[in-house]
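Please consult the sequence and the model while reading.

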Amino acid sequence: ITLDQFYCWYNKDCTFPIKTFVITIDDGDSEAYYNLLPIFEKYNFSATLFAIGSKIPDKTELFDGKKRTKLGLDKINQLRKSNSLLQVESHSYDMHRYINDKKAVQCMNYDEIVKDIEKNEKYSFNYFAYPYGESNDKIIKALSNSNIKLAFSFRNYDYATRADGKYKISRLKVGGKTTMKE
């Protein structure tokens, strides 16, 4: 389902079968548009790509598979206008990085986090995935004072439930090294 449908379920305004799921993809790579979207369309699956605002170019580079490129504002707007199965949401503006060997969110003060979230407002994002899946009280407070409806983490590496706080929604991580058994 889409994140809007998940939000509806989370607020107890709608129901879905027990094995319903949300597909999320981090970092905003254009590969999701070029390689995954055709698969989603074939199977009528929706997904959300969490993009890093500071890395969103105005125009998406042509995809050649040899280098990692980011989805541009041109394609994001196209996806939104067409009500695509691929939704684009926030993965912070510039917190997806390290500062002195620590994740940026661990080093930033509250005001810096608020400014980061405000910089992403130009993209009209409604949902947020924590960089590296980690949150803290400062970022949760900042998000609660923003337009972000829900935020997702790897906090418990567990299924999302309605008991999760709206800025502490659990999600399962499937990375490049995740085995089929896992």
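A residue is called buried under 20% relative accessible area, exposed over 50%, and partly exposed in between. The model discussed here is predicted.

Q: Is Asp26 buried, exposed or partly exposed?
A: The relative accessibility of Asp26 is 23%. Buried requires a value under 20% and exposed a value over 50%. Asp26 therefore counts as partly exposed.

Q: With which residue does Arg171 form a salt bridge?
A: Arg171 lies in the segment after S8, and its partner lies in strand S1, so the pair ties together parts that are 145 residues apart in sequence. Arg171 has a relative accessible area of 7% and is therefore buried. The closest N and O atoms of the pair are 2.8 Å apart, and the partner of Arg171 is Asp26.

Q: Which residue in S2 does Asp26 stand opposite?
A: S1 and S2 pair in the parallel sense over 3 bridges. The chain crosses from S1 to S2 through helix H2 (residues 31–43), in a right-handed β-α-β crossover. The residue of S2 that stands opposite Asp26 is Phe50.

Q: Which residues point the other way from S2 than Ala47, Leu49 and Ala51?
A: In a regular strand, side chains alternate between the two faces of the sheet. Ala47, Leu49 and Ala51 point one way from S2, and these residues are buried. The residues that point the other way, also buried, are Thr48 and Phe50.

Q: What is the bridge partner of Phe50 in S3?
A: Strand S2 (residues 47–51) pairs with S3 in the parallel sense over 5 bridges. For Phe50, the bridge partner in S3 is Glu89.

Q: How many of the 5 residues of strand S3 are buried?
A: S3 forms a right-handed β-α-β unit with S2 and helix H3 (residues 73–81). In S2, 5 of the 5 residues are buried, so S2 is largely enclosed by the rest of the structure. Strand S3 (residues 86–90) is likewise largely enclosed, because the number of its residues that are buried is 5 of the 5.

Q: Which residues are linked with Asp27 in a network of salt bridges?
A: Arg68 forms a salt bridge with Asp27, with the closest N and O atoms 3.0 Å apart. This pair links distant parts of the chain, since Arg68 is in the loop between S2 and H3 and Asp27 in the loop between S1 and H2, 41 residues apart. Arg68 is exposed at 57% relative accessible area, whereas Asp27 is buried at 16%. The network links Asp27 with Asp29, Arg68 and Lys70.

Q: How far apart are the closest N and O atoms of Glu61 and Lys67?
A: Glu61 counts as partly exposed at 39% relative accessibility, and Lys67 counts as partly exposed at 48%. The two residues form a salt bridge, and their closest N and O atoms are separated by 2.9 Å.

How values were computed. Residues are numbered from 1 along each chain as its sequence is written. This is a predicted model: local features need pLDDT of at least 70, side-chain atom pairs count only at pLDDT 80 or more; totals for chains, interfaces and linings use all residues. Side-chain values use heavy atoms; hydrogens and water are left out. Buried means under 20% relative accessible area, exposed over 50%, partly exposed in between (1.4 Å probe, protein chains only). Helices (H or I, at least four residues) and strands (E, at least two) are DSSP runs, numbered from the N terminus. Two strands pair if DSSP finds at least two bridges between them. A crossover is right-handed if, with the strands pointing away from the viewer, the path from the first strand over the helix to the second runs clockwise. A salt bridge is a side-chain nitrogen of Lys or Arg within 4 Å of a carboxyl oxygen of Asp or Glu.
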